[in-house]
Amino acid sequence: MLKTDVTVDNEVLRTTRRAERFRRVWLFDLPFVDAETAAEVAAALSKTDTADGDLRLPIVVTPNVDHIVQLSEPDCDPAIAETFRNSRWVLPDGQPIVALSKRMGTPLSARLPGSTLFEFLWNRVASEGAPSVVIAPRRDVAEGLAAEHELCRFIIPPLFSMDDDVAIKAIADACIEHAIEERPRFIFSGLSFGKDQLLAKQILEQWPVAAGSPPIVLCLGASFEMYLGMRKRAPEIVQRLGMEWLYRFTQEPKRLFHRYFVRDRAFFGLARAELKRR
């Protein structure tokens, strides 16, 4: 059962509100974090105790335009959508989301990319030699990160589908085993949309009460590969103009054509519907 299904008394809720430092902006049924920079979020995460009484799941998700579209599709796994809605830190990783928030009269201060958040947190845990657990998509990614952090434990799962409950449980079990042994503050997952969220949910649902408060699980998709230079980042000026999607398309036109020019066109309709609701 998700922590958000639990009823608590008013005193616990007051304590939770005092501990929460970020304003939330609701868009597409998601509570987006409003912060000036990803560095500010990273600093807050480093000081967060997941036993502080907050009822939301200690998960970081970074929805972009494509994620918003996929979450709206009828065949989207309800468990994935539920995890996005109930995550404690929902970061707007898409300039169109920030632009829409301004049109709605509840402006988000900035786009908060998962790749930038990972860079800040990873540099912190690596420089401090703090234990951490990483779910890596490939061996070369794990090796690249391991070269910077000797105390990190890696899990490189075999290929699995999002409806493979057995595989997801096995990967979650391995993460929990490493986390109980190492006691990390963070578990970093860098697989893909859906898989990251299902694993995060499973890890927290299986987390043994006797092990104390769980770590924060970050669902970061391709952030590891961007950090290591395996995928090129758009120049800062391109990101500010909200044209990062076009830069990425020029890098991988065959893979991204359907996403940008077919599937993600649905975002305009979703944005119009959001404006009408207000």
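## Asp93 and its contacts

The backbone nitrogen of Gly114 lies 3.4 Å from a polar atom of the Asp93 side chain. That side chain also makes a polar contact with the side chain of Arg111, at 3.0 Å. (A polar contact is a pair of N or O atoms within 3.5 Å; within protein, one must be able to donate a hydrogen and the other to accept it, and residues adjacent in sequence count only if both atoms are side-chain atoms.) This is a predicted model: local features need pLDDT of at least 70, side-chain atom pairs count only at pLDDT 80 or more, and totals for chains, interfaces and linings use all residues. Residues are numbered from 1 along each chain as its sequence is written, and side-chain values use heavy atoms, with hydrogens and water left out.

Asp93 sits in the loop between strand S4 (87–90) and helix H5. Helices (H or I, at least four residues) and strands (E, at least two) are DSSP runs, numbered from the N terminus. Asp93 is buried, with a relative accessible area of 14%. Buried means under 20% relative accessible area, exposed over 50%, and partly exposed in between (1.4 Å probe, protein chains only). Leaving out residues up to four places away in sequence, Asp93 touches several residues, including Thr62, Pro63 and Leu112. Contact here means heavy atoms within 4.5 Å.

## Helix H14

Helix H14 has 12 residues (266–277). At 1.5 Å a residue it should span 16 Å, and its end C-alpha atoms are 17 Å apart, which agrees. The expected span is 1.5 Å times one less than the number of residues.

Which residues of H14 are buried? They are Phe267, Ala271 and Glu274. They cover an arc of only 60 degrees around the axis, so they lie on the same side of H14. The arc is that of the directions from the helix axis to the C-beta atoms. The face turned away from the buried side carries the exposed Phe268, Arg272 and Lys276. The buried residues pack against strand S1 (23–27), helix H3 (65–72) and helix H5 (95–103).

S1 pairs with strand S2 (residues 30–34) in the antiparallel sense, over 5 bridges. Two strands pair if DSSP finds at least two bridges between them. Val25 has Phe32 in S2 as its bridge partner. The hairpin has 2 residues between its strands, and Phe28 takes a positive phi near 55 degrees.

## Ile156

Ile156 lies in the loop between strand S6 (152–155) and helix H8 (165–182). Ile156 is partly exposed, with a relative accessible area of 32%. Its C-alpha atom is 6.1 Å from that of Arg138, 18 residues apart along the chain.
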